[in-house]
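Okay, everyone, let's get going.

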Amino acid sequence: MHVGCGCVDTGRTGARPLRQGDPVPCRRPAPVARQRGFTLIEIVIAFAVLGMALTLLLGTLSGSAREVRDSADAGRAALHAQTLLDQVGVGEALQSGSRDGEFEDGRYRWTLQVEPYVDPTQRRRDTIEPGAARLMLLALHVEWGEGGPRQRLDLQSLRLAQPERL
């Protein structure tokens, strides 16, 4: 029996007509179950969690992009250095001294030091004959960007220098 209406909910489906003395079916709709939704505070918290997750994801992706760019810069610096070392002493006599320059309109800067090689394992220094070939140490330093520790490349190579012909 519903409160306040005096009827009895019989649950009848209408199989037989009502007779006198039968309980009167309720004409009021059945009570609606309480609808459950999200509260405002739950939605705000969900957006806050989503915002933090997206921040972490974008931070990771931007860090990865920076690493890829740094790697590409280091690769280009190595290619420029290899090209420069391949050209040193070709078509000209290799002489002691220092040279500097730049690649790609100043994006990469380099300094090359050329000096006679001194073998650190020899105890005494041998006299070099004036007409003999000599080993020369080529020390190349390449920088790019601001020249921080991850933005520089140092290479060393030995080259056999032929004596100058008079």
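Read along the sequence, the order of elements is α-β-β-β-β. That's one helix and four strands, where helices (H or I, at least four residues) and strands (E, at least two) are DSSP runs, numbered from the N terminus. Quick housekeeping: this is a predicted model, so local features need pLDDT of at least 70 and side-chain atom pairs count only at pLDDT 80 or more, while totals for chains, interfaces and linings use all residues. Residues are numbered from 1 along each chain as its sequence is written, and side-chain values use heavy atoms, with hydrogens and water left out.

Now some overall figures. The protein has 166 residues, and 16% of them count as buried. Buried means under 20% relative accessible area, exposed means over 50%, and partly exposed is in between (1.4 Å probe, protein chains only). The accessible surface comes to about 13500 Å², with 56% of it belonging to carbon and sulfur atoms; those areas come from the Shrake-Rupley method with a 1.4 Å probe, and for residues only the protein chains shown count as cover. What about contacts, meaning heavy atoms within 4.5 Å? Taking contacts with a separation of 6 or more, 48% are between residues 24 or more positions apart.

On to the helix. H1 covers residues 40–87. How far apart are its end C-alpha atoms? They are 71 Å apart, and that agrees with the 70 Å that 48 residues should span at 1.5 Å a residue. The expected span, by the way, is 1.5 Å times one less than the number of residues. After H1 comes Gly89, which has a positive phi, near 85°.

Which residues of H1 are buried? They are Gly63, Asp73, Ala77, His80, Ala81, Leu84 and Leu85. Their cover includes strand E1 (97–103), E2, E3 and strand E4 (152–161). Take His80, which sits in H1: it counts as buried at 18% relative accessibility. Leaving aside neighbours within four places in sequence, His80 is in contact with Phe103, Glu104 and Tyr108.

Let's talk about the nonpolar core. In soluble globular proteins, nonpolar side chains tend to be buried together. A core here is a set of buried Ala, Val, Leu, Ile, Met, Phe, Trp, Tyr and Cys residues joined through side-chain atoms within 4.5 Å. The largest one has 17 residues, and the members touching the most others are Leu94, Trp110, Leu112, Leu138, Leu140 and Val142. H1, strand E2 (108–116) and strand E3 (134–144) each give two or more residues to this core. E3 has the largest share, with five residues. If you click on Leu94, you'll find it touching Val88, Gly89, Val114, Met136, Leu138, Arg159 and Ala161, not counting residues up to four places away in sequence.

Phe38, Ile43, Phe47, Leu50, Leu54, Leu57, Leu58 and Leu61 make a nonpolar patch of about 860 Å². The patch rule takes residues with over 30% relative accessible area and no salt bridge, joining like charges within 9 Å and nonpolar side chains (Val, Leu, Ile, Met, Phe, Trp, Tyr) within 5 Å.

Last topic: charges. Side chains of opposite charge can pair when their charged atoms come close. A salt bridge is a side-chain nitrogen of Lys or Arg within 4 Å of a carboxyl oxygen of Asp or Glu, and the structure holds five of them. One of these joins Asp73 and Arg107, with the closest N and O atoms 2.6 Å apart. Asp73 lies in H1 and Arg107 in the loop between E1 and E2, so this pair ties together parts 34 residues apart in sequence. Asp73 is buried, at 10% relative accessible area, whereas Arg107 is partly exposed at 39%. Besides Arg107, Asp73 touches Tyr108 and Trp144, again not counting residues up to four places away.

Glu104 and Arg76 also meet in a salt bridge, at 2.1 Å from N to O. Glu104 is in the loop between E1 and E2 and Arg76 is in H1, so that pair ties together parts 28 residues apart in sequence. Glu104 is partly exposed at 29%, and Arg76 is partly exposed at 39%. Then Glu104 and Arg107 form a salt bridge at 3.7 Å, N to O.

Methods
Contact = heavy atoms within 4.5 Å.
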